[in-house]
Amino acid sequence: MRIAVTGSIATDHLMTFPGRFADQLVADQLHTVSLSFLVDNLDVRRGGVGANICFGMGQLGTGPILVGAAGSDFDEYRAWLDRHGVDTASVRISEVLHTARFVCTTDADHNQIGSFYTGAMSEARQIELKSVADRVGGLDLVLIGADDPEAMLRHTEECRSRGIPFAADFSQQIARMNGDEIRILLDGAAYLFSNEYEKGLIESKTGWTDAEILARVGHRVTTLGSQGVRIEAAGKETIEVGCPEEEAKIDPTGVGDAFRAGFLSGLSWGVDHERAAQVGCMLATLVIETLGTQEYTLRRAHFMERFTKAYGDEAAAEVHAHLS
């Protein structure tokens, strides 16, 4: 399968302040705050949901196509993704804007002050999926992830008009979107991804019940945190898959992206939904054990050893045939 992933491309600039923000605030001067914090650490990480998902798929060898917008400062990031099996030829490079970035400072109490710069991400709405499909010889599935909202709507409508199967994955953009926009984005989707909280928010904003949404999508994939994932489809038995045992719990950032990477890779291999979800949960477990969304290394022998322990020999034999 040729799978394109549309979504944000960003870098995270994370800093640590050894003191407490609260100690620097003067109660009767909050209307004129002017503060600068001398920080101890700066950690620059690659991120963005589109890039994170593609990185995981690249690690699994499924050759994902990244579709998004970045700035002229993307060269080093592009080289990293190319080296890890991601097709970046369809990334639009802005002539005037930098790659999106998140700048955040965390204090000793784990309070945070952060800013998100949209930057080149706003140009993702100018990307035509037909040109992507023509370049790679057609698309079998497009995941429409969190991105510039106009881009998400445009990509969805284009998939619908051109008959390209698509997966709806609103992620953090769901808070910004209204019910009408969410209805447009999910109606007719082959897959609808969300976590449990987002599931309720989708139903609340659209006014559609769970059954009504299931009638409008092929499969509803709901991640359940440490409990794994649930896959539902109208008229079919619900599939529930648990997570492998964690060796450590270091950083949950990017875990959902890793699950999607594993699940989409399973679809690319042609395995069933239960097996695809197992691959997704195993990859997500590797990410939660690592600091950073793209800092894990997929060692195949280690991956299969843990996968076998979690899901059994039969499941492992089927996945190993594709992973190796």
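Visitor: Quick one to start: are Phe 74 and Tyr 77 buried or exposed?

Guide: Phe 74 is buried, and Tyr 77 is too. Buried means under 20% relative accessible area, exposed over 50%, and partly exposed in between, with a 1.4 Å probe and protein chains only. This is a predicted model, so local features need pLDDT of at least 70 and side-chain atom pairs count only at pLDDT 80 or more, while totals for chains, interfaces and linings use all residues. Residues are numbered from 1 along each chain as its sequence is written, and side-chain values use heavy atoms, with hydrogens and water left out.

Visitor: OK, aromatics. How many aromatic pairs does a search of the whole structure find?

Guide: The search turns up 12. Rings of Phe, Tyr and Trp (its six-membered ring) pair if their centres lie within 6.5 Å; planes under 30 degrees apart count as stacked, over 60 as edge-to-face and the rest as tilted. Phe 55 and Tyr 296 make an edge-to-face pair, 5.3 Å centre to centre with 85° between the planes.

Visitor: Where do Phe 55 and Tyr 296 sit in the chain?

Guide: They are 241 residues apart: Phe 55 is in helix α1 (residues 49-59), and Tyr 296 is in the loop between α9 and α10 (300-311). Helices (H or I, at least four residues) and strands (E, at least two) are DSSP runs, numbered from the N terminus. Both Phe 55 and Tyr 296 are buried.

Visitor: And why is the Phe 74 and Tyr 77 pair called tilted?

Guide: Because their planes are at 55°, with the ring centres 5.5 Å apart.

Visitor: Switching to packing. Which residues touch the most other members of the largest nonpolar core?

Guide: Leu 81, Phe 259, Phe 263, Leu 264, Leu 283, Phe 303 and Phe 307, out of 55 residues. A nonpolar core is a set of buried Ala, Val, Leu, Ile, Met, Phe, Trp, Tyr and Cys residues joined through side-chain atoms within 4.5 Å. Helix α9 (residues 273-288) gives the most to this core, with 10 residues. Apart from it lies another core of 32 residues, including Leu 129 and Met 177.

Visitor: What does Phe 263 touch?

Guide: Leaving out residues up to four places away in sequence, its contacts (heavy atoms within 4.5 Å) include Tyr 191, Phe 193, Val 221 and Gly 280. Phe 263 also forms one aromatic cluster with Tyr 191, Phe 193 and Phe 259.

Visitor: Last topic: what lies over the face of Trp 80?

Guide: Arg 46, at 3.8 Å from the ring centre. A charge sits over a ring if NZ of Lys or CZ of Arg is within 6 Å of the ring centre and within 35 degrees of the ring normal. The charged end of Arg 183 sits over the ring of Trp 208, 5.9 Å from its centre.
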